[in-house]
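Please have the model open beside you as you read.

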Amino acid sequence: MKTNPHFYPVILAGGRGTRFWPLSRKRRAKQLLALDGKHTMIQQTVARLAPMAAPSRFWIITNDDLRPAILRQLPKLHPKRIIAEPAGRNTAPAIGLAAFLLLRHDPEAVLGLFPSDHVIADPAQYRATLAKGIEIASAGENIVVLGIRPSRPETGYGYIEAGAHDHDGSLRVRRFTEKPDLGVARQFLDAGNYFWNSGMFLWRADTLANALREHLPNTAPLLEKIAAAYGTRKFAETFRKLYPKCENISIDYAVLEPRSAKGEAQSRIFCLPSDFGWNDLGSWTALHEHHVAKAKRGGGSLVPTSGRFTLNAQNNYVHVLDKFVALLGVSNLVIVETEDALLITTLDQSQDVGKVVKHLDEKKLHKLV
């Protein structure tokens, strides 16, 4: 595969993954877990992108709690390019900082934004799609988003409404819609021109920097000052002082929505319809469904137990280590055990697991989070 020497993967790895409690913790978040094989989610993310960029071109934005583990899991990456935010400020400041850093390093940089915890079933098709997106992004002030063809009326994802065809298979973006209710999601599915927002974007560093200057005029100068201090003795102090002053806002709200409001002919936002087997594994239920689908494809089951006996039990997700598990007459349960906690819920309620973490935080039970 022909690679672009100015392509830089930027991986966002600062989330806590609270919906995967009790396995996911503050210092062992979802992206550091091996939920889909022997390698962790962030290791798989880097491995998928490795054929497209040398280790020196990877940047990871995380936090102080997770950085030590990421350094251990990704020893080939440059330590100084694994950056820990002094305060969580959502995706716009994180990716914006990367843009200003790369702009100083390589004026022709094309930046790819990637979550650290997604599953991709077909890495070759994934890279082919990215290569096309990088070509579009590098051609001008274009923003490229990878859109996933919806297979069901999903209410847990944001949607992209696509318009006219453009750029060798890409589609002009009309608007972005946050998580809809079920009725609207069904309308989107039936319409045929809506795609799930994968959270993966491509743009030149100068395109993103200019967009932030336009749409976040108070935050962009702070990020520029932090980037200017990178590599100096004042970087850590400047980072700690200025970054918490940045707006706490996602890149979707900060740039994509106001940019798309200009109209599909003016926004220069393009959607690449993608079919590479994407799953964001947003909950225990999503992970269970992923394992079921993988088993049907011949991939086997990856749910760890020491052994199992079932009688009149079906559609359960059990994550128990070093114990024999007997399931009798139960269905649609999620059971997850760790050394210090036990989660029992239903597949329908697993989206609410984050509320447990919120409760533990409020009760200051820090050892459990």
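In which loop does proline 22 lie? I take that up in the first point; please keep in mind throughout that this is a predicted model.

1. Proline 22 is found in the loop between S1 and H1. The peptide bond that joins tryptophan 21 to proline 22 is cis, with omega at about 10°.

2. The buried ones are Met41, Ile42, Gln44, Thr45, Val46, Arg48 and Leu49. What do the buried residues of H1 pack against? Their partners are strand S1 (7–12), strand S2 (59–63), helix H2 (67–73), strand S4 (110–115), strand S5 (119–120) and helix H4 (123–138).

3. Strand S2, one of those partners of H1, holds threonine 62. Threonine 62 has a relative accessible area of 0%, so this residue is buried. Leaving aside residues up to four places away in sequence, threonine 62 touches Ala13, Gly14, Arg67, Ile70, Ile82, Ile83, Ala84 and Glu85. For a sense of distance, the C-alpha atoms of threonine 62 and cysteine 271 are separated by 27 Å, and the two residues are 209 residues apart along the chain.

4. Next come the helix pairs. Two packed helices are described by the distance between their axes and the angle between those axes. For H3 (residues 91–105) and H6 (residues 205–215), the axes come within 9 Å and cross at roughly 125°. H3 and H6 are therefore oblique to each other, and the crossing in which H3 passes H6 is left-handed. On the H3 side the contact involves Ile95, Gly96, Ala99, Phe100, Leu102 and Leu103, and these meet Ala205, Asp206, Leu208, Ala209, Leu212 and Arg213 in H6. Sorted by class, the contact of H3 with H6 has nine nonpolar, one polar and two charged residues.

5. H3 also packs with helix H7 (residues 220–229), at an angle of about 50° and with the axes 9 Å apart. That angle makes H3 oblique to H7. Is the crossing of H3 with H7 left-handed or right-handed? H3 passes H7 in a right-handed crossing. Here Pro93, Gly96, Leu97, Phe100, Leu101 and Arg104 in H3 meet Ala220, Leu223, Glu224, Ile226, Ala227 and Ala228 in H7. By class, the contact of H3 with H7 has nine nonpolar, one polar and two charged residues. Gly96 and Phe100 are listed in the contact with H6 and again in the contact with H7.

6. Now to the nonpolar cores. Of the 52 residues in the largest nonpolar core, which touch the most other members? They are Trp203 and Ile251. H3 supplies the largest share of this core, with nine residues. Not counting residues up to four places away in sequence, tryptophan 203 touches Ile95, Ala109, Val110, Leu111, Ala137, Asn142, Ile143, Leu208, Ile251 and Leu256. Another core, of 41 residues, lies apart from the largest one, and its members include Ala69, Val144, Tyr194 and Leu202.

7. Leucine 281 has phi near 45° and sits in the loop between strand S11 (278–279) and helix H11 (284–296). Asparagine 312 has phi of about 55°, and its place is the loop between strand S12 (307–311) and strand S13 (317–319). Are they buried or exposed? Leucine 281 is buried, with a relative accessible area of 0%, whereas asparagine 312 is exposed, at 66%.

8. Last, glycine 163 in strand S7 (residues 159–166). Its relative accessibility is 17%, so glycine 163 counts as buried, the cut-off being under 20%. Leu171, Arg172, Arg174 and Glu264 are the residues glycine 163 touches, not counting those up to four places away in sequence.

Key. Residues numbered from 1 in each chain as written. Predicted model: local features only at pLDDT ≥ 70, side-chain atom pairs only at ≥ 80, totals over all residues. Heavy atoms only, no water. Axes fitted to C-alpha atoms, helices over the stretch in contact; angles between N-to-C directions. Helix = DSSP H or I, 4+ residues; strand = E, 2+ residues; numbered from the N terminus. Parallel < 35°, antiparallel > 145°, perpendicular 65-115°, else oblique. Left-handed = near helix turned anticlockwise from the far one by under 90°. Contact = heavy atoms within 4.5 Å. Nonpolar A, V, L, I, M, F, W, Y, C, P; charged D, E, K, R; others polar. Core = buried A, V, L, I, M, F, W, Y, C linked by side-chain atoms within 4.5 Å. Buried < 20%, exposed > 50% of the residue type's maximum accessible area, 1.4 Å probe, protein only.
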